[in-house]
Amino acid sequence: MAFTIIDGCVNCWACEPRCPSQAIYLPAAAAGAGKPHFLIDNRTCTECAGDHAEPQCASICPIEGVILDSSGVPLNPPGSLTGIPPGRMAVALAEIQAR
Amino acid sequence: MELKILGQDAPGGGAAEGGCSSSSCGGSPHGSPNGNKSPLSHLPEAVRAKVHNHPCYSEEAHHHYARMHVAVAPACNIQCHYCNRKYDCANESRPGVVSELLTPDQAVKKVLAVAANIPQMTVLGIAGPGDPLANPERTLATFCALSAKAPDIKLCVSTNGLALPELVEELCRHNVDHVTITINSVDPEVGAKIYPWIFWKNRRIKGLKAAEILIEQQQKGLQMLAERGVLVKVNSVMIPGVNDEHLKEVSKVVKAKGAFLHNVMPLIAKAEHGTFFGIMGQRGPTHTELQVLQDACAGDMNMMRHCRQCRADAVGMLGEDRGDELSMERIEAMQIDYKKAMEERRQVHAAIEASRQAQRTKTGATFISLSQVKGAGIKGAGRKETRPVLVAVATTGQGLINQHFGHAREFLIYEASSQEVRFIGHRKVDLYCSGGDTCGEAETALERTIRTLEGCEAVLCSKIGFEPWGVLEAAGIQPNGEYAMEPIEEAVAAVYREMAAEGRLDAPVADKQRLTA
């Protein structure tokens with residue numbers, strides 16, 4: 001059981017010091033591979049079982065959709081961090097632009 | 001009646017000879033109805049001594065002294081709707097943006113090298129790109145090494161306040177005596193529109209509860225610092241339709257809790273910055289709205305108006321950034337004698353103080369009588385009030401008019417009236433982006449500058465070319481190069497006097513836009 005960080009991670013470092021298993025790391029840049037982002041070592045990740053009630057990386061990550069659980073489902077789905085679910089987007093836009 | 005020149009805080013050590021040579025003395029603590037005596041003039045001597053060479057805390061000092069930020073603190077424990085956690089950008093100039101993240105060791109090396117290359121430097125701040133106190137080990141390790149290796153450099157930290165109460169003791173131990181807390185609301189209903197979530201006690205908390213905890217922590221941290229004699233400045237981001245009216249309440253509350261300066265800054269929100277507010281089309285305040293709010297808050301609190309909202313890795317005088325010429329790569333190659341550098345700083349600072357003292361003595365003696373101001377333009381016995389005027393100034397520092405019009409990337413804006421000359425803000429010409437002249441739109445650099453100076457009736461500079469002179473005049477902005485190398489406030493007062501004498505200030509205020517900065 002382990003989480004995965006996918007493309008879209010902005011390298012903000014928030015998760016790295018929070019991991020109780022030190023499973024999060026920034027790989028060295030590989031030639032021609034673009035800028036690397038943080039990754040989770042799937043051998044050491046415990047999904048915080050036994051350490052915390054909630055997974056720490058996913059609880060501080062500011063980007064929706066970039067941390068997946070072991071079945072590939074985003075831990076922070078669209079709208080979960082902005083507080084604006086996709087269905088309410090049009091209303092929220094209109095409200096904010098009227099300010 | 002006299003025209004008094006304001007806008008300079010009193011000397012730290014120079015006031016020994018019984019009182020105060022500063023022109024700003026004598027004002028009531030919180031100023032006139034429109035609120036703006038010298039922002040720091042009423043502070044206790046000990047506080048003034050602490051801020052008088054701090055460019056971010058003293059308007060006058062920012063003409064003379066430099067600061068730097070080191071980007072050692074990437075992680076953040078909250079989300080603000082005006083911030084994007086993708087902070088890596090070379091061209092943007094706004095808070096929370098940096099080019100290179102440093103380790104504490106690199107940061108210490110960089111600070112010592114910059115302080116050796118820019119001897120006007122007095123201040124080192126850690127302001128991100130995340131929240132410095134959400135990275136306490138990295139932040140404190142940097143402070144710890146610097147307080148030992150460069151004890152003459154003031155250490156500052158800027159925080160959202162969430163982790164502040166638990167770190168107050170630690171900050172005091174590392175000689176941090178200036179803390180800035182960003183407080184955008186004291187009401188969770190307002191806060192919830194700005195902060196979607198916080199990370200608190202190992203959980204993500206959202207909505208009202210999140211704002212409630214954050215506000216409580218900020219207020220608690222502010223009080224704890226004030227009790228320990230640490231100077232606290234409060235930054236607030238003005239977000240129209242969200243917290244604009246509410247910031248008046250914030251100003252009152254933070255003053256009561258012991259903050260000594262309030263800095264209300266305009267929201268920066270552009271879609272290309274990738275922030276929530278930028279993408280959603282939340283607008284920032286106009287120059288007018290910002291100034292009206294700053295003036296309203298000034299009745300209760302000392303307001304700061306010279307903030308440049310700099311990057312979290314800015315280097316140099318406020319409004320300039322020498323980060324590129326002092327990159328980590330270049331610093332690694334430098335040979336520096338640290339002891340000699342510290343001695344050079346001491347000498348440079350002494351020279352700056354001597355020149356400030358001389359300027360103050362001169363300025364303090366300059367009172368311009370209103371009868372002179374009224375002069376020839378006034379006929380008969382009627383007491384006609386001359387209207388206030390906005391004047392733009394091109395300066396590279398030292399409190400002098402010493403910059404060529406065409407070189408100015410920003411202008412300081414002063415309001416001259418029959419009562420006083422006061423600094424009310426600055427306007428950047430190429431806001432937030434240092435890309436090419438033709439970046440995006442087909443507006444020439446000169447047109448852009450003139451748009452920036454909207455509402456000003458004169459612009460003072462050391463020199464100006466023939467072509468811009470004509471264009472400025474046609475736009476109703478009188479260029480003036482006659483006060484090159486003169487102290488700013490005096491020159492602005494003199495220009496105001498000339499305009500009054502020419503009868504140009506008799507007309508009533510026609511356009512309410514005119515009084516905005």
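1. Helix H6 of chain B. In this predicted model, helix H6 of chain B covers residues 207-227.

2. Buried side of the helix. Which residues of H6(B) are buried? They are B:Ala210, B:Ala211, B:Leu214, B:Ile215, B:Gln217, B:Gln218, B:Gly221, B:Leu222, B:Met224 and B:Leu225. An α-helix has 3.6 residues a turn, so residues three or four places apart point the same way. Just after H6(B) comes B:Gly229, with a positive phi of about 80 degrees.

3. The sheet of chain B. Seven strands form an open sheet with mixed pairing. Their order is S10-S9-S6-S5-S4-S2-S11. Strand S10 (261-266) and strand S11 (315-317) are the edge strands, and each pairs on one side only. On average, neighbouring strands are turned by 25 degrees against each other, direction ignored.

4. One strand pair. Strand S5 (residues 154-159) and strand S6 (residues 176-182) of chain B run parallel. Five bridges join them. B:Leu155 stands opposite B:Val176 in S6(B).

5. Helices across the sheet. Helix H7 (residues 246-256) of chain B lies across S9 and S10 of chain B, at about 175 degrees to S9(B). Helix H9 (residues 287-298) of chain B also lies across S9 and S10. H9(B) runs at about 165 degrees to S10(B).

6. The nonpolar cores. The largest nonpolar core has 117 residues. Among those that touch the most other members are A:Cys57, B:Val70, B:Val111 and B:Leu124. Helix H2 (residues 104-117) of chain B gives the largest share, eight residues. Take B:Leu124 as an example. Leaving out residues up to four places away in sequence, B:Leu124 touches B:Met68, B:Val70, B:Val111, B:Leu146, B:Ile153, B:Leu155 and B:Cys156. A second, separate core of 37 residues includes B:Tyr414, B:Ala416, B:Val421 and B:Ile450. In soluble globular proteins, nonpolar side chains tend to be buried together.

7. Where the chains meet. How many residues of chain A are in contact with chain B? There are 19, and they contact 24 residues of chain B. Helix H1 (56-60) and helix H2 (89-97) of chain A each supply at least two residues of the side that touches chain B. H2(A) supplies the largest share, four residues. By class, this side of chain A has eleven nonpolar, six polar and two charged residues.

Key: Residues are numbered from 1 along each chain as its sequence is written. Chains are lettered from A and ligands numbered from 1 in the order in which they are written. This is a predicted model: local features need pLDDT of at least 70, side-chain atom pairs count only at pLDDT 80 or more; totals for chains, interfaces and linings use all residues. Two residues are in contact if their C-beta atoms, placed from the backbone, lie within 7 Å. Ala, Val, Leu, Ile, Met, Phe, Trp, Tyr, Cys and Pro count as nonpolar, Asp, Glu, Lys and Arg as charged, and the others, Gly among them, as polar. Two strands pair if DSSP finds at least two bridges between them. Axes are lines fitted to C-alpha atoms, for helices over the stretch in contact, and angles run from 0 to 180 degrees between N-to-C directions. A nonpolar core is a set of buried Ala, Val, Leu, Ile, Met, Phe, Trp, Tyr and Cys residues joined through C-beta atoms within 7 Å. A residue is buried if 20 or more other C-beta atoms lie within 10 Å of its own, exposed if 12 or fewer, and partly exposed in between; C-beta atoms are placed from the backbone. The expected span of a helix is 1.5 Å times one less than its number of residues.
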